Structure formats: C-alpha cells, structure tokens
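Here are a few exercises to work through with the model open beside you. Try each task before you read its solution.

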Amino acid sequence: MSRPLLSRIFIAAALAFAWFDVSGVAYVRGIPYPHDLSSLIDLSWATGPLAFAVLTAFYAAALARFIAARDVRAATAAFALLALTAHIHEAQWPGSAGVRNGLGLPGGGLAAYLLADRACVLFGRADQRERWSREAACGVAAAAYTLAAASKLIYGGPAWAGGANIAMYIASQAYMRSAALLPLRLWFPRHLALCGAFGVGTLIIEGSGLVFLWPRARPAYAVLACGLHLGIWLIMGLVHFDFLLMVVGLAL
Amino acid sequence: MPPRWLAAVFFVGYLAAATVPKGGILFARFPIFFPDLTPDVLAMPAFLVDGRPASVRRCRDFVGIPASAVVRSVPDMDAWHRFMEQRQWIAAHQAAPGSAPGPARCQVGFWIVSRDASGRPEGRFQASAEGTARCR
C-alpha cells in the first residue's frame, strides 16, 4: 500500500469520526435558528433520523471515493456535507461552542487540502497536487494544536495545568461515559501530582504544534499527539480520535 | 516538492480565520475546547443503567423519566450542551403510551464534584428521576 493511499485512509477515518460529532442532528426536533445563515434559510429538512441516514450514506460514499481514487470532487462533497451538519449542530446547541470545536482539525484540514489542490492546478503544478494538499493540511494541524494550548493559557492561565484544576476536570467527567474505566477515572484525580503532570504535558505537547510545520518532525509529533489523545480518552473518556487519525494520516 | 512556506501560509491563515472574526468561523473557532479554571463545585449530567454509568444513547422507550428531569439547577462546568443533548434524547425516545416498561432500571441525575480540604475532588451521584427503558 502506497504512503499517499495510507495517508488518505487515515484522513478519511478522521473525517468519519468527525461525523459522529455532528450526529446529534439525527434526533433534533426543530431548530431554534439563533443566528447566522440558519435564520434566513430553513435547514430543518436536514435534521431527523431519516435525513441524517441519507446524509451519512452520501458522506460515506464520498469518503470511499476519495480514498479509492483521490477524487477531489468527492472530497469537496464530503466537506460540504460536514459543513452543513456542523452548522446545524452549532445552531442547535450554541452553548456547545468551545466543546465541539474538535471538528476544527478534520474540517479545517480538509478545507486546506482542497484549497491547496486548486492552487496547485492554478500554478501549473498538477503533478504535485497530493503533496501540496497534504502540506497545507499540515499547516492547519500545527495551528489547531497551537490554538488549543493558547486557549488554555489565555483563558485559564498557567493555573489551568495545576493538579487541583485538572483533577476537577477529570473527576467531573468520570460518570459521563462507560463504566468500564470508572475505577481509573475515580482513582486518577485523587493524585494531584499526577494530574499536574498530565496538565503540563498537555500544554507542552499542544503548544509544540508549530513543529508540525517541519516534515521531519511530523512522525515524532504524531506519536506524542497519539499519546496525548489516548491518555485523555483513558483518563477522561473524551474522544478526539478525529484529531488523532488526522495527525497520523498527515505525518505518514 | 511543495514549497517550504506552504504549510506556514496555511498555519497563519488558520490562526487568522480562528481569531480575527469574533468567535472565528466554522471549523476554525477560538477559544477551542474549555479553557476556564474549574469552580469549587460543579455538576455534570449523569445517567445510570442498573446502577452503572452509561451513555443515554444506549437506551430507548423511557418510562418514568421525563425530559424535564434533566435540569441544570446546580453549579456546573458550563456543559450546557450535555444537558441539552441528554434532554433531547430522552424527549425523543419516550415509550409509547400504554407500552410495557423496559427491563433496564435507569436513573438520570447529576454527578456532583466538590473539593475536599486537601483540594482533591470528591464526587456523588444525585438522582432526579428513576424509571425503566430498553437498553442495548
């Protein structure tokens, strides 16, 4: 299997996970339309189980076509579907702003991928489309991690990484997920030094996102990012596999 | 080979898209995730099946658990969307009138976390409604 194909498989898997983030539109009954485009255009046709099943089928078909043939039109269709459902999701739950922003890397990365593809054709470098597109998405990945660290430092300050603060985060999430890892999620926040190390490690890894701009550093950063996301999943139950798969796909 | 500056251009472009317009744009939001410091007491919505935490989306045909039981009446971590999602799901999956109750015993409520004297978190579950459902 070629590296570009393997990379596309990981990127498509990241986009498939991103779709789970917007699956809430499947059981929405009416949209409050608080702002933006949805106050002008009725998008309720795209909500509910049946509409979501149809959209999911189109999305899956577009991703499959993107993997198999690097069909840019299919990737564009997938982006449009993700943008539509993400917009409805934001309109439905404006209070979730700041939480569901995990869509930023898969959605923003795909947008960059498509923009660079068009730019490549425009500059007469059609033979370099795959490389240019991946390079552009890598820029977005570097920015997404840097912004995640900047958010914590600007809004929470250095105290965000303190053991007591991280312990409260972890403890608050303990009952939100499956019972299988509940003992670990209750044990971990009782150890403030461990929680502090976890918080500092998170800031260091996210804050080092800039290194993803350098191709040689990408595999090492992807390994660190995988460790971060798997740790967050194990200890807090928060799933960011879309980030994880995207960064691995881009590092390949 | 792609030009060396290409990734840097998209890096700067994404930072600008996320920070220059207020709140950013779709797929480029800032702040990203929840960066605030946690309060001393907070609560998250919790859902138990037969006494064990579970995702509410595992269950349907709720009896005895109205959507109104999912209320945000205690301090929390601004996880408004979690309350709304749980409430939406329960509202959309109530049992048909007159149907038999499901086999699973369910509780909906809060997982309330506070700090003890040493700063360590302590949690307790507080139920707001109990009933039955069919769960997978």
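A quick word on terms: domain bounds here come from an automatic or database domain assignment. With that in hand, chain B is divided into domain 1 (1–32) and domain 2 (41–135). Keep in mind that this is a predicted model.

**Exercise 1. Find how far apart the centres of the two domains of chain B are.**

Solution. Start with the bounds: domain 1 of chain B covers 1–32, and domain 2 covers 41–135. Ile32(B) and Thr132(B) are 100 residues apart along the chain, and their C-alpha atoms are separated by 37 Å.

**Exercise 2. Decide whether Ile32(B) is buried or exposed, then do likewise for Met44(B).**

Solution. Now count neighbours. Ile32(B) has 25 other C-beta atoms within 10 Å, so Ile32(B) is buried.

Move on to Met44(B), which sits in strand β1 (residues 41–49) of chain B. Its count is 22 other C-beta atoms within 10 Å, so Met44(B) is buried too. While you're there, check Gly109(B): 65 residues separate Met44(B) and Gly109(B) in sequence, yet C-alpha to C-alpha they are 8.5 Å apart in space.

**Exercise 3. Describe the side of chain A that touches chain B.**

Solution. Begin with the overall count: 58 residues of chain A are in contact with 46 residues of chain B. Then ask which elements of chain A give two or more residues to that side; they are α3 (72–92), α4 (104–122), α5 (129–156) and α6 (163–173). The top contributor is α5(A), which gives 15 residues. Last, sort the residues on this side of chain A by class: you get 35 nonpolar, 17 polar and 6 charged.

**Exercise 4. Work out how α5(A) and α10(A) are arranged.**

Solution. Look at the axes first. Those of α5(A) and helix α10 (residues 241–251) of chain A come within 10 Å and cross at roughly 135°. That angle makes α5(A) oblique to α10(A). As for handedness, the crossing of α5(A) and α10(A) is left-handed.

Now pick out the residues. From α5(A), Arg134(A), Ala137(A), Cys138(A) and Ala141(A) meet Met246(A), Val247(A) and Leu250(A) of α10(A). Sorted by class, this contact has 6 nonpolar, no polar and 1 charged residues.

**Exercise 5. Say what surrounds Gly249(A).**

Solution. Gly249(A) lies in helix α10 of chain A. With 24 other C-beta atoms within 10 Å, Gly249(A) is buried. Leaving out residues up to four places away in sequence, Gly249(A) touches Ser7(A), Phe10(A), Ile11(A) and Ala14(A). Leu234(A) is 15 residues from Gly249(A) in sequence and 22 Å away in space, C-alpha to C-alpha.

**Exercise 6. Sum up the fold of chain A from its secondary structure.**

Solution. Count the elements: chain A has 10 helices and 0 strands. Then check burial, which gives 48% of the 252 residues in chain A as buried. Finally, take the contacts in chain A with a separation of 6 or more; residues 24 or more positions apart account for 69% of them.

Technical notes: Residues are numbered from 1 along each chain as its sequence is written. Chains are lettered from A and ligands numbered from 1 in the order in which they are written. This is a predicted model: local features need pLDDT of at least 70, side-chain atom pairs count only at pLDDT 80 or more; totals for chains, interfaces and linings use all residues. Helices (H or I, at least four residues) and strands (E, at least two) are DSSP runs, numbered from the N terminus. A residue is buried if 20 or more other C-beta atoms lie within 10 Å of its own, exposed if 12 or fewer, and partly exposed in between; C-beta atoms are placed from the backbone. Two residues are in contact if their C-beta atoms, placed from the backbone, lie within 7 Å. Ala, Val, Leu, Ile, Met, Phe, Trp, Tyr, Cys and Pro count as nonpolar, Asp, Glu, Lys and Arg as charged, and the others, Gly among them, as polar. Axes are lines fitted to C-alpha atoms, for helices over the stretch in contact, and angles run from 0 to 180 degrees between N-to-C directions. Angles under 35 degrees count as roughly parallel, over 145 as roughly antiparallel, 65 to 115 as roughly perpendicular and the rest as oblique. A crossing is left-handed if the near helix is turned anticlockwise from the far one by less than a right angle, and right-handed if clockwise.
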